[in-house]
Structure formats: C-alpha cells, structure tokens
There are 2 protein chains.
Amino acid sequence: MKVHDLTTPALLVDAADLTANLADMAAALPGPRCRPHVKAHKTTALAKLQAAHHPGFTVATIREAEGMVAAGLGDDILLANEVLDARRLGALLDSGDARITLAIDSDETLAAAVAGGIREVVVDVNVGLPRCGVAPEKAGALADRARAAGLTVRGVMGYEGHLMLFPDEAERAKHTEECMAKLLAAHADVGGELISGGGTGTYAVNTWVNEVQAGSYALMDTAYTAAGLPFRQALTVLATVISVSDGWAAADVGLKSLGMDHGNPTVPGGQVWFCSDEHTTFAPAEPVSVGDRIRVLPAHVDPTVALHERMQVVEGEEVVDTWAVDLRGW
Amino acid sequence: MKVHDLTTPALLVDAADLTANLADMAAALPGPRCRPHVKAHKTTALAKLQAAHHPGFTVATIREAEGMVAAGLGDDILLANEVLDARRLGALLDSGDARITLAIDSDETLAAAVAGGIREVVVDVNVGLPRCGVAPEKAGALADRARAAGLTVRGVMGYEGHLMLFPDEAERAKHTEECMAKLLAAHADVGGELISGGGTGTYAVNTWVNEVQAGSYALMDTAYTAAGLPFRQALTVLATVISVSDGWAAADVGLKSLGMDHGNPTVPGGQVWFCSDEHTTFAPAEPVSVGDRIRVLPAHVDPTVALHERMQVVEGEEVVDTWAVDLRGW
C-alpha cells in the first residue's frame, strides 16, 4: 500500500528514522543503561525492536504492563508510577511469565503492593518535580518498612521531569546534578541495585542513574527537537488538505489526532493558525490544493499516540507495516 | 457496581444531569430544530437518547457516520465536514438503511461526493471562521454545479465556531447575526430546505438557522460553563489520589485522559498546578489522603471523550450503565 492510499488522519512512523533513533540510543546507553519507557509509543511492535537493544522496560500504567507481558516482553518491567490497586499486577506475576517491579512512595502504596501480590518494588523519590515521590530523607525508612512487609526493594527511582525541555544543555546538566544528588542520597539509605530515572531530555547529562527511563527518543516530537536533542522526528500525522481559501487552508487533523498540551503542531512550509476538533487551519507558504497530502509534526508525542488505534510504518511513499497502538486505556 | 470500584481514570456521566441537558435542549429547540452533533460524545448509546427528541444527527467523520448507521441511527445524517474520499459513505447508502448528506465547499469535494456515490449535499459556507466553507458569494454557483452533476442540494450550512465561547451573550448574539447574514445570503442563491449551523455556544441566539448543530450541551465542559451556558456539567473524570506531599497532591488523570487545548482541568476544591501524561498535580484546599477518589472537570469535552474507551453512567455512587465510546477513529 502507498501512503497516499491511507485514510487520514494517520500516524506515520518513518522506519529509517526510527531505526536510527533506536540505534543512537543503544550506542549512547547500551543494554540495561536504558530502560525504554513504552508510555511514549504504547505499541508492543515498536517495543519488540527496542528489546533487541535493552533487556528491561518502563511502563506508566497497569494496562501497559499487561500488554507488554502478553506480547512476551515482560522479563523485567518497572511500573514507574504509584497504584492503589495492584491486584492485576499480582495476577500477572502469578501467571509465571513476568517480572514486575512497582514504584511506591507512601505507606498506602506499600500496602497496595503487598495486598496485590507484588514482590519487588523501588522507592520513588521526589527529586524536585512536584508530583509523586517520597521526600529523599524519608526514603530509607519507607524501604525498611517495605522489607519488613516481605517485599524486595530493588533500589530507587526519581524523575527530573521538570528539566526535560530546558533548552540549554549546560543548564539542564547542572539542574540534573542537583536533582540526582537527592536521588543518590536516598539510594544510600535505601540500597538495592537500581538507580532509575531520567528521560529523553536528560539521557546524555544524567550520568548518576544506572538506567535511564527514556521514551520519546524513539518517535520524537517538535518540543524535544526544539530542546536540541539529536534524535530524528520519526513520527508525523498524515493529513489531507480538505479546503483552501484565500490566505489559508484546512487539513483534516485536529484536537482528536494531536496532543495539544505543548501547543500547536507544525506544518512544514506553513504557519499554523489554530486547531479545532477535526481541523488544522494554516497559512501555506507555497500554494496547496484540495486533496494534497501533508505530514504534520506533533508538538507532544505521548498524547498524540494515545489518540490513534494504529501506526503506519513507512519507507518513503510505501507503507511497509501496520502496528496496533495496543497499550492504550487503563 | 459502585463508583469506588471503578479503575481510574474513568469517564463518568451523571445520568440526571445528562437527562436534564437533553430535555432542556429539546425544550429550547424541539425536534428538527436541533440536529445533535455526535462528535462531542462519540457514543451511540447517548445518541439513542437524543434520538427520542430529534430526528437527525450531525457527524464530523466518516467513521461516526458508519457507527451511527450501524446503531440504527442513520435516518438523516449530516456529515458537516469536507471529505476527499466518499466511497465508504456511498457504500452506506447502497446498504439501503441510511440517508447521508455531505458538506461540500469546492469543486474537488463536489467531485469526491459524486465519485463516492453520494446523492445529497449541502453547501458549506464560510461565515467568518477561517477553516472550511466557500465564500458566500460563490455558494450559488457551486450549488448549480452540484445539481448539474446530478446531486440534490438540500441547502446550506455555516459554522460560527469562533463565537462559541464569547463570554458576553449580547456580543455573541450580535456577531452571530453578522455571520448568519452571510449564510442567509448564500442560502438565497443556493436554495434548499436546510439552513444548518450553530452550536452549543450560540444555540439560544442563532435564530437564523433552521437547525442547530449542538453537541457539547449533552455532557458540557468548564469552557462552555464559563461562557454562561445553562447546561449542567454531566461529565467528569474519576481519578485516584496516588501521592500526597507537603503542599500538593497528584491524581492519576493527565494528558492521556483529558483534552488539554482549553487548558487545565478543574479539581473542585483544589488549585491545579499542571498536568503531565498520567498525572494532575494540584494544591488541595482541604487535606486529601492517598487513595481518595476525586472527580475532575475537563476543560474541553470533545477531545477528552476521544481518549476513552467507555463512559460509566452513574446515579450518585452507583454505576448504572457502561457505554462504549464507539465512534472513535477514522
């Protein structure tokens, strides 16, 4: 099938760009030094390619853990998030084919891990992003209570998410060091083999963790590109120009096919005016015609992918594969 | 099942509020004077309730048209958008169970309608929103060409979408009148029984169209509530507080469960700081505990619904029904 034959909107993944991104990350952080985060693509077919480079994965939801195990990718999954009902995770462990490590940051999430049948945890440490994570000075005591409750504590994690899009790499490195000092202090109290953190934005400057939870590097988006990261924009959203007026045109991609929290998408060679549910209105630099196909670059990869049922893998104008975005939902 | 037993995040629809919204719209715009737009909820189970009040529906995508026909709701569907490949719509017509009217605004979309087997169209007129729609003075000639090509032209449509969230109703009414003057001028040239337009934001002030394409009124969101509309906030996203720190808490709803183009969601009794993929960080006014359930109000209903597989219909703390959001995708 040709790209032109696809129904729009359609998620396109450039096979060569994706392959290059995976290889570049594997060269920078080989094997277990990267624990790819599947929340950025929610696609087990893509995760299988990452599994050729890295032995473990990071997930954000129970559904993602279930899907990864079902796809045979459950050898070492870190659910880097807190959950209050871990029973579905315990059931995965009982199936015998999975190793799942769960983040905890409170006595409540510890109790949920125990009640759900979880055996291994990491202590999630607040390193500066106001979200989840126990205060660093309280991490050791929480680990002690987890061990007393029969859990294995594999180490710590801490996500410096507020630094991912810092445009200046030196600034990003300086602040990352400050955040990771907190994580290392917590690790000194907690123990365990895992010091997990980081992401695509800090993969090159976070030299303190022993595994980086990078996800966006595989497909990329305009926000990460603007932050100066070297990975290629492998993901676009194919659109059809459905209307052309004097000074602007409308394409059939909008709020239901593009994550908007990082702002408008980019239309190469055009100026985006605004998006509505099913449309992007843009001023084209060169004349466009009704029926033209364009490839729109999303500003934020993760919520964009979550809006699509499938990705089309393309080589030039050829569609070489179709992947289900099979880890959506909760 | 109780609300507390649901996996979070979960879309909740308050049955009483929804019923009131549907009744209020039906009282204001009975029967064919409202042509409910299903893009706002993408749920045939909800559309069936609207069908008790109104004979026709508006859709934005071919997929929505297909799903509505499959659900037995295809008696009079207006696809209020331009498409370049209408073959799937023609196939629906050939099945014998559907009446589908398609918007056209150019010779290319006219040709696509003919090629796809469409029989009835409306001329989409640009009434001021820079998106789709032919210039009003060119609408009559396009209708003539459509009729010459064998199509039935049922009338005109024009969407004053840029006015929907004007906070002042008098201003909204004044600008709506200006927009609708363009639509009526076009209708004088085009003819046909349909003068279709408007939406939830202008349903009360757009007295020029003979059918209003309102969708958001059924479930509502904080943006429309802020615009002073009388409908009730029937839709919330159920979340679990998964982490509590000194000064803030994190709930398990974020960019993948909330449409963000109208900004942050609202946490009743709290101040939202920011959303990330799976989290909303907020400052609670009263202390909250890990494990608490909260109901978050989305800022924009349409893209929020598009992120969920299902809606839970609730009466108080009881889940009385589960509806598939079955019109997603393209």
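**Figure legends for a two-chain model**

**View 1. Chain A as a whole.** Chain A has nine helices and 15 strands, where helices (H or I, at least four residues) and strands (E, at least two) are DSSP runs, numbered from the N terminus. This is a predicted model, in which local features need pLDDT of at least 70 and side-chain atom pairs count only at pLDDT 80 or more, while totals for chains, interfaces and linings use all residues. Residues are numbered from 1 along each chain as its sequence is written, and chains are lettered from A and ligands numbered from 1 in the order in which they are written. The C-alpha atoms of chain A fill a box of roughly 70 × 45 × 35 Å along the principal axes.

**View 2. The open sheet of chain B.** Seven strands of chain B, paired in parallel, form an open sheet in the order β2-β3-β4-β5-β6-β7-β8; two strands pair if DSSP finds at least two bridges between them. Because β2 (57-59) and β8 (211-212) of chain B stand at the edges with a single partner strand each, one side of each is left without a neighbour in the sheet.

**View 3. Strands β6 and β7 of chain B.** Four bridges join the parallel strands β6 (residues 152-158) and β7 (residues 194-197) of chain B, and V156(B) has I195(B) in β7(B) as its bridge partner.

**View 4. The contact between the chains.** The contact takes 45 residues from chain A and 44 residues from chain B, with two residues counted as in contact if their C-beta atoms, placed from the backbone, lie within 7 Å. On the side of chain A that touches chain B, β9(A) gives the most, with four residues.
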